[in-house]
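Let us go through a few of them together, one question at a time.

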Amino acid sequence: MSHLVNIFAVAAISSTLSAASVAAQEDKRSFSERFSYGGEVVGNFSPVDEGYFNELEYERNLLRLLRFNLALEFEASDRIAFLTEIRSDNFDAPEPYALYIRLRPWLERAFTIQAGRIPPVFGRFARQRYEIDNPLIGTPLLYQYPNTLRPDSATTELSEILQRRGFGVKVVYPIGDQSPHAGLPVMNSLRWDTGVQVRIGDDPVELSVALTQGTISNPRVRDDNSGKQVAARAGFRPAFGWVVGVSGARGDYVADEVGEVAGGSGAQTVFGVDLEFARNHLIVRAESMWSRWDTPTLGTGALTAAGAFVEARYKLSPGLYVAGRVDRLSFEGVATPGGSTTWDSSIWRFELGGGYYINRHLLAKVAFQYNERDAGPLTRRSLPAVQLLFWF
Amino acid sequence: MVQPVLWASLLAMVLGAKPDAPQASLGAIVGQVDVRLETGASRGRPSVRELGNPAARGRPDRSQSIVYLETAPQGAFEARPVAPAVLDQRMETFVPYALPVTAGTSVQFPNSDPIFHNVFSLSKPKRFDLGRYPQGRSKTVVFDSPGIVRVFCEIHSHMSAFILVFSHGYYDSTNAAGRYEIHAVPPGVYDVTVWTDGEVRATKSVAVTAGEAATLDFVVE
């Protein structure tokens, strides 16, 4: 199946490239009219997050971060474009977390192929155009909070997983990689996957399908198992101001080093719904996901998690807005000798804040975040945060 | 971008600078603005996070120029009715790119696109935010204070326009051929300025005589 999709993608890209080369010769636009750039410089400031509630997978805390983001697009012709987005956090080496080619074989049809390190088709939040589109400073739990499962490190004992409830920021198990590392968020919004995607349709209905190396919780450039992920999202605009999306994804997430011990791989299966309503000075967005991770080394079967958030932004006056988000991530209950408990510590997050545009390109945000869970290095933590954001 | 020369001229007009002209009969100033600047359309920010191509966009006419009197004739500031103006949102483009109006003018902002726009400005002469409204609807803003108002769309960063708010009515916008006409000008000697794509480009003097049209051409490069 995946070979067929790959063959189709290569054939489509080849035919489009040849058509694009002809079109490029006929395209009279200057270089500056084909080239665009944009970026952001973001500084987040907050007290130390001792509970690691806002920890990202690569040992950076989202509320204490300096981020540089540069996006580039070059339209070789009407049919072909090259796009990239390069990011550096806290002066780390810049990394292209988006790098792909966009093809439109038929200009008169709403049909697009993208290949390379591509934006995720699943859900909505990860494709927010830029940080400036996030009305608050924190990221929804579904897209940020690492649980205690790892693709490359596993255990045969459920009790070992339960011992680490709330410590997903740095976990290690006896099987596989022995270096401590963060667990899996339900969906990773910071790294993008590698593969091919197709979008059909536009308004009022669009369908996007992607075949990629990793999974939505563990996007990859290089495959670490023989499996691929298929992800899809159908978007529908029932009325002006409304957007409804339904997403699904399934792909092998267990790395070979664990799968070989377990005698087989394991898949992440996810379903999601996203909703947006906008009118006048109000925007309301909501998303919900249900995810199941097969755990081939455990005799207990798969582990599941579900979460949802609702956020709203309201503009009080030109350049000034208030925003809030209610956020929940809960984990499935499992039976233990001592009774039932969740396999990881379920968590609530409330975030209130606002933003003020000092000028069109400079936004200051303030936020107050409250986190609560029943296990982990800290079970409750309130965090004020400030963000200065310059975009160009 | 604020242009000191234009601001100075607007201030001078507010203070009531008087041209040395009798009010008996009127003349006109006509001419052509030949724009030789590179005025390609801004492509906006990259669409890296899109799953497909963004919608087709129009091209703002950034060569469109505004020609106006630096010093207005006496009586230019007397209250007079002003017609509403329109700044359309069409194919993700503001049309026109530059809109000259007299202080007190109501400007309508219809949305002609099948998508949301969110028109706003953070310029000091007029801060406003119209929020999001659908195709076929329009909202109105009254521009009371002279000055330059930069207008943007919050959703589409490539959309921008200028509204030049004058305290008098002696201005015109060039047409597609670059032609302009300023009518009902009392006889006298005037400084005439041309503004193109966000900047004052040139100022020239011209003598207006009663019953005649003085010709004044500009080259902007």
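Q: How many salt bridges are there between chain A and chain B?
A: In this predicted model, the count between the two chains is four salt bridges.

Q: What makes the pair E85(A) and R49(B) a salt bridge?
A: The side chains of E85(A) and R49(B) meet at 2.6 Å, N to O. The cut-off for a salt bridge is 4 Å between a side-chain nitrogen of Lys or Arg and a carboxyl oxygen of Asp or Glu, so the pair qualifies.

Q: Which element gives the largest share of the side of chain A that touches chain B?
A: That is strand 1 (residues 35-45) of chain A, with six residues. The residues on that side of chain A divide into 22 nonpolar, 16 polar and 17 charged.

Q: What else describes the meeting of chain A and chain B?
A: Here 55 residues of chain A are in contact with 37 residues of chain B. The area buried between the chains is about 3700 Å², and carbon and sulfur atoms give 47% of this area. Across the interface there are also 18 residue pairs in polar contact, counting pairs with both residues at pLDDT 80 or more.

Q: Why is the pair K315(A) and D129(B) called a salt bridge?
A: The N to O distance between the side chains of K315(A) and D129(B) is 2.8 Å. With a limit of 4 Å, the pair is therefore a salt bridge. This pair crosses between chains, from K315(A) in strand 14 (residues 303-317) of chain A to D129(B) in strand 9 (residues 126-133) of chain B. Both K315(A) and D129(B) are buried.

Q: Which residues do salt bridges that share partners join into one network?
A: The network holds R124(A), E276(A), R285(A), E311(A), R325(A) and E351(A). Over all chains, the whole structure has 33 salt bridges.

Q: What makes K228(A) and D223(A) a salt bridge, and why are both called partly exposed?
A: Their side chains meet at 3.3 Å, N to O, and the limit is 4 Å, so the pair counts. The relative accessibility is 29% for K228(A) and 25% for D223(A).

Q: Why is N225(A) called buried?
A: N225(A) has a relative accessible area of 6%. Buried means under 20%, so N225(A) is buried. The place of N225(A) is in the loop between strand 9 (205-212) and strand 10 (229-236) of chain A.

Q: How do you know that the side chain of N225(A) makes polar contacts with the backbone?
A: A polar atom of the N225(A) side chain lies 3.0 Å from the backbone nitrogen of G227(A). The backbone oxygen of D252(A) lies 3.2 Å from a polar atom of that side chain. The cut-off is 3.5 Å, so both distances fall within it. Leaving aside neighbours within four places in sequence, N225(A) is in contact with residues including D252(A), Y253(A) and V254(A).

Q: Is E92(B) buried or exposed?
A: E92(B) is buried, because its relative accessible area of 7% is under 20%. E92(B) lies in the loop between strand 4 (88-90) and strand 5 (93-95) of chain B. Among the residues E92(B) touches, not counting those up to four places away in sequence, are R57(B), D113(B) and H156(B).

Q: Why is M91(B) called partly exposed, and what is its phi?
A: The relative accessibility of M91(B) is 41%, between the limits of 20% and 50%, so M91(B) is partly exposed. M91(B) has a positive phi of about 50 degrees although it is not a glycine. Most residues other than glycine have a negative phi.

Q: Where are cis peptide bonds found?
A: One joins D203(A) and P204(A), with omega about 10 degrees. Another joins V95(B) and P96(B), where omega is about 5 degrees.

Q: What is the confidence of the prediction for chain A?
A: The mean pLDDT of chain A is 91, and 93% of its residues reach 70 or more. Over residues 1-9 of chain A, pLDDT stays under 50.

Technical notes: Residues are numbered from 1 along each chain as its sequence is written. Chains are lettered from A and ligands numbered from 1 in the order in which they are written. Side-chain values use heavy atoms; hydrogens and water are left out. Helices (H or I, at least four residues) and strands (E, at least two) are DSSP runs, numbered from the N terminus. Buried means under 20% relative accessible area, exposed over 50%, partly exposed in between (1.4 Å probe, protein chains only). A polar contact is a pair of N or O atoms within 3.5 Å; within protein, one must be able to donate a hydrogen and the other to accept it, and residues adjacent in sequence count only if both atoms are side-chain atoms. Contact means heavy atoms within 4.5 Å. Buried area is the accessible area (1.4 Å probe) that two parts lose on being put together, summed over both. Ala, Val, Leu, Ile, Met, Phe, Trp, Tyr, Cys and Pro count as nonpolar, Asp, Glu, Lys and Arg as charged, and the others, Gly among them, as polar. pLDDT is the predictor's confidence in each residue, from 0 to 100.
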